[in-house]
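These are my notebook entries on a two-sided question of fold and contact. I set down what I looked up, one topic at a time.

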Amino acid sequence: MSAHANLERRRQAIYGWLLLSPAMVLLTVFAFYPSIATLWSSLFSRHTRRNPTEFVGTENYADLFADPTFWLVVKNNLLYAGITIPVSIFIALSMALWANSKISARGFVRTAYFTPTVLPMIAAANLWLFFYTPGLGVLDQIGSLFGLPSVNWLGQPETALWAIIIVTIWKEAGFFMIFYLAALQTIPEDLKEAADIEGTSRWTYTRRIVLPLLMPTTLFIAVNAMINSVKLIDHLFILTKGGPSDASKLILYYIWEMAFAFFDAPHAAAITVLVIAVLGVVAAVQFLYLDKRTHYQ
Amino acid sequence: MTNSQFVVLKDVAKRWNGQLGVEDISLEIPEGSFTALLGPSGCGKSTTLRLLAGLELPDEGQILIDGKDVTTSAASDRNLSMVFQSYALFPHLSVTENVVFGLKVRRVPKAERQEKLHRALEITGLLGYENRKPGELSGGQRQRVALARAIVAGQRLCLMDEPLSNLDAKLRNSVRKDIKKLQRDLGITVIYVTHDQTEAMSMADTVVLMKDGHIQQVGTPEDLYSRPNNIFVAEFVGAPPMALLQSTAPDGFGEGKTIGIRAENIQIVPKGEGRMCCTVNESEFLGAETLIGLDHADATGLCVLKPGMATMAEGTEIEINFHDDNLHIFDGAGQRLPD
């Protein structure tokens, strides 16, 4: 190979590495290193004044599996994810289909749906706290008009998690709707016209044409919703603090509590590792399995 | 058997927010014919087609298909098929699924569906591509899928909205012939929108030339070429377009009129024998002939065709002659005067 071709190749390689390096540095410092450090520290015992840190292998994990609170939190989170993901996707899709059709005040409808997403999490949670407050809250006020007794929605184990679930759906559906709206705009108008000429009903058109074309968006949203379902923490701080008696405690709150309320970093690290592993597996399944059945334009 | 009033439009008008869409559209299209709606972009030809298809509803007038008033009917009740400019293929469905989509919707039994599918794919030469998605096909193949979808519906009326405009020039030529043959073989009525006069003139039995939402002339391609109704038609149809002279330029035609003449009817003659004197401004070698552009103070678009390679130097003064029989005379308002 001639010298100048070699030089050109080296130049290209350096150029490539230069383009890669900012992202690589940031990801290493803030994602890869913390992940490995977490994994590492989950294998050591908790440091106290009397007992210095020592390698304990999987003991922290064994502790967790033996802890009923851990299993309660897992169950809570599964229920939370199992309800919020499908329901918010369904509502988002319905709202998008509606807001995309030729209705009057379309701009207003879209803005209204999107408002919950724009609100900061803490502000939204405070708003709902006001709705849920027994006696003073909007829900109770409305209930009392019909002579219903006051209910402490956030204060009893049977309803606390459900109250959180409703807030999440309210917040996520509008956000996901925006993705669906954007995807709907990319479906050409003449597909509808071609279907119309064949006498396709609205429902058949939606089911056979629109939904399949929205699959990439649905997949993206589903993965995001799943990740969000283990990321929720701000609402819990404001609304329930995980209570009463852990009825509304979710994974991230549990990790936070473990690390910063009980100062048990190794156990917190162990849960984090478990969460990352489960999320990784589920995302892989979603992408590998559903990707094959999804049409990308 | 053939119905001379298969598709009828009576005084149809469609306006967009009070602005002109189409106005006073009246047409009678016989069964089994090939009709082209021709005109520059924005002339209302696509609107007319969409009104026929039921994708738009007219503000005024009446539309009849096969003797039935369909003015306000849904698109699916008009018993027609349509080929879209963009083909409107469903991108996530295979060729087969795209073609039989309509049959499935109409709950045609599976055996019949298979038979029709096979026939449509055979006609359009798509056998072997059944399982491809539109994204895996070339432009010409996609176009044929759109045709197959129209054929498989088995409707007697087929509307086509600039079906060739996304194809390259060479392919356009061959598909043009395919479509024409298909229409004859199946005996269907085709209404075809195009802005390309070559397409309209070569395929259609009847050409409807439109401008600014109004029909300018309805007739055979020959009619439009040799008996244009007005100056617009004269200038639109034919390449090179008809040259227009003020009636005072040659002797004996009076004032205030416009005379049209085509390049092939003009001869270059020796000095002193011609009716007009012009200057050569360009020579364009086209292969079989050479197009020579001429300048004259009272004429626009004047040119003459010479066989073979026969370029002339710019600025050459020449004299031209033409026969009165080959002239088209228009009045001051641009309308054709009786011969």
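Predicted model: local features only at pLDDT ≥ 70, side-chain atom pairs only at ≥ 80, totals over all residues.

**Entry 1. The open sheet of chain B**

I first looked up the strand order and found four strands forming an open sheet, E16-E11-E12-E19 in chain B, with antiparallel pairing. In general, strands of a sheet pair through backbone hydrogen bonds, either parallel or antiparallel. I recorded strand E16 (299-300) and strand E19 (328-330) of chain B as the edge strands, since each pairs on one side only.

I then went through the pairs. Strand E11 (residues 243-246) of chain B is joined to E16(B) by two bridges in the antiparallel sense, and there B:Leu244 stands opposite B:Thr300 of E16(B). E11(B) and E12(B) are antiparallel and share four bridges. In that pairing I found B:Ile261 of E12(B) to be the bridge partner of B:Ala243. E12(B) and E19(B) also run antiparallel, with three bridges between them; here B:Ile259 has B:Ile329 of E19(B) as its bridge partner.

Which residues of E12 are buried on each side? I found that both faces of strand E12 (residues 258-261) of chain B are covered. B:Thr258 and B:Gly260 lie on one side, B:Ile259 and B:Ile261 on the other, and all are buried.

**Entry 2. A helix pair in chain B**

I next examined helix H3 (residues 110-124) and helix H4 (residues 139-152) of chain B, whose axes come within 9 Å and cross at roughly 135°. Angles over 145 degrees would count as roughly antiparallel and those from 65 to 115 as roughly perpendicular; H3(B) and H4(B) are therefore oblique to each other. I noted the crossing of H3(B) and H4(B) as right-handed.

From H3(B), the residues in contact are B:Lys116, B:Leu117, B:Ala120, B:Leu121, B:Ile123 and B:Thr124. From H4(B), they are B:Arg144, B:Leu147, B:Ala148, B:Ile151 and B:Val152. By class I recorded eight nonpolar, one polar and two charged residues in this contact.

**Entry 3. The contact between the chains**

How many residues does each chain give to the contact? I found 16 residues from chain B and 16 residues from chain A. On the chain B side, strand E6 (80-83) and helix H2 (95-105) each supply at least two residues. The largest share of that side, three residues, comes from H2(B). The side of chain B that touches chain A has ten nonpolar, five polar and one charged residues.

**Entry 4. Chain B as a whole**

I looked up the overall figures for chain B and found eight helices and 19 strands. The C-alpha trace of chain B spans about 80 × 45 × 40 Å along its principal axes. Of its 339 residues, 39% count as buried. Among the contacts in chain B with a separation of 6 or more, 63% are between residues 24 or more positions apart.

Terms used: Residues numbered from 1 in each chain as written. Chains lettered and ligands numbered in written order. Axes fitted to C-alpha atoms, helices over the stretch in contact; angles between N-to-C directions. Parallel < 35°, antiparallel > 145°, perpendicular 65-115°, else oblique. Left-handed = near helix turned anticlockwise from the far one by under 90°. Contact = placed C-beta atoms within 7 Å. Nonpolar A, V, L, I, M, F, W, Y, C, P; charged D, E, K, R; others polar. Pairing = 2+ DSSP bridges. Buried ≥ 20, exposed ≤ 12 C-beta atoms within 10 Å, placed from the backbone.
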